Amino acid sequence: MSAPGTEGAVVTARNLDLTFQTSDGPVHALKDVSLSVEPGEFVSFIGPSGCGKTTFLRCVAGLEEPTGGTLEVNGMSADEARRARAYGYVFQAAGLYPWRTIGGNIRLPLEIMGYSEEEKARRVRQTLELVDLGGFEKKFPWQLSGGMQQRASIARALSFDADLLLMDEPFGALDEIVRDRLNEELLSLWDRTGKTMLFVTHSIPEAVYLSTKIVVMSPRPGRISDVIDSPLPKERPLDIRDSREFIEIAHRVREGLRAGMEAA
Ligand SMILES: Nc1ncnc2c1ncn2[C@@H]1O[C@H](COP(=O)(O)OP(=O)(O)OP(=O)(O)O)[C@@H](O)[C@H]1O
């Protein structure tokens, strides 16, 4: 699969391979993965366990070294992009430090990056308001619900000026009602900030609801089996999930997943 339209792209992967050498032999986590992500896109990755979703995100984050192909993030190598802090990363478990307050957690990357006291305070306040957690700065993570912790984790990833957000199943552990609300909030956040989002999920409705582009992956080896551009409007009330368009995209994702599994 080619990586078209790479001029000015945020992420350009061309024929990316990653084989892990393990004591049980090689594991082909990614094979011939080509993808181009344009500024401001919301791209979801969906596929069965072990198809390489996290591995791809970790390659973009410069945390894994591909064994073949090329990868550019904001026009740099992924390692340079990591050092330039070109992205924020949101993990499945919120990953907040329990001994730090919510404000202290958000302040951490800003401390590492050497922002002034005044700027740190301003950014903590601003990002907490952005995720609707104004007033929770002095609370500790255990004093917040799971959904609120994830919002704090998103605030931390937004606190510095990275235009790219990498999210690895951030809402996977949450109940459906909370998840629906966070999906709506994330979409609104995306709209307001104009950030580019890469989002890993196991949920077809979540992928279809959130994305401008859905990347369907298949395992053994981890490949892209379909890339679906969503025609859904930017304004998306939750009940858009009952629309014919939505159901048709969800159907195509399901078909892509099924075909990928049969080929594996
Ligand atoms: N550090 C590693 N060493 C060896 N194998 C690895 C390593 N990291 C991932 N793998 C293997 O690479 C493959 C892809 O894993 P990855 O975690 O990217 O899949 P995934 O699609 O994100 O799965 P899940 O949906 O369960 O999170 C799997 O077979 C996994 O066991």
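This is a predicted model: local features need pLDDT of at least 70, side-chain atom pairs count only at pLDDT 80 or more; totals for chains, interfaces and linings use all residues.
Visitor: Where should I look first, and why is strand β7 largely enclosed by the rest of the structure?
Guide: Strand β7 (residues 196-201) is largely enclosed because 6 of its 6 residues are buried. A residue is buried if 20 or more other C-beta atoms lie within 10 Å of its own, exposed if 12 or fewer, and partly exposed in between, with C-beta atoms placed from the backbone. Strands (E, at least two residues) and helices (H or I, at least four) are DSSP runs, numbered from the N terminus.

Visitor: What order do the strands have in the open sheet of 6 strands?
Guide: The order is β5-β6-β7-β3-β8-β9, with mixed pairing. Two strands pair if DSSP finds at least two bridges between them. The edge strands are β5 and β9 (223-229), each pairing on one side only. Neighbouring strands of this sheet are turned by 15° against each other on average, direction ignored. For such angles, axes are lines fitted to C-alpha atoms, for helices over the stretch in contact, and angles run from 0 to 180 degrees between N-to-C directions.

Visitor: How many bridges join β7 to β6, and to β3?
Guide: There are 5 bridges between β6 and β7, which run parallel. Another 5 bridges link β3 to β7, also in a parallel run. As examples, Leu165 has Met197 of β7 as its bridge partner, and Phe45 has Val200 of β7.

Visitor: How do β8 and β9 run, parallel or antiparallel?
Guide: They run antiparallel, with 6 bridges joining them. Ile214 stands opposite Ile228 in β9. The hairpin of β8 and β9 has 4 residues between the strands, and Arg220 takes a positive phi near 50° there.

Visitor: Let me switch to Gly52. Is that residue buried or exposed?
Guide: Gly52 counts as buried, because it has 27 C-beta neighbours inside 10 Å. Its place is in the loop between β3 (42-46) and α1 (53-60).

Visitor: What does Gly52 touch?
Guide: Not counting residues up to four places away in sequence, Gly52 touches Ala29, Leu30, Met217 and Gly222. Gly52 and Gly222 are 170 residues apart in sequence, yet 5.2 Å apart in space, C-alpha to C-alpha.

Visitor: Which residues are closest to the ligand?
Guide: Of the 13 residues that surround the ligand, the closest are Phe20, Ala29, Ser49, Thr54 and Thr55. To be near, a residue must have its C-beta atom, placed from the backbone, within 6 Å of the molecule. α1 gives the most to this shell, with 3 residues.

Visitor: One last stop: what about helix α5?
Guide: Helix α5 (residues 146-158) has 13 residues and reaches 19 Å from its first C-alpha to its last, close to the 18 Å expected. The expected span is 1.5 Å times one less than the number of residues. α5 is mostly covered, with 11 of its 13 residues buried.

Visitor: What covers the buried residues of α5?
Guide: The cover includes β5 (87-90), α3 (102-112), α4 (117-130), β6 (164-168) and α6 (176-193). In β5, Tyr87 and Tyr89 point one way and Gly88 and Val90 the other way, and all are buried.

Technical notes: Residues are numbered from 1 along each chain as its sequence is written. Two residues are in contact if their C-beta atoms, placed from the backbone, lie within 7 Å.
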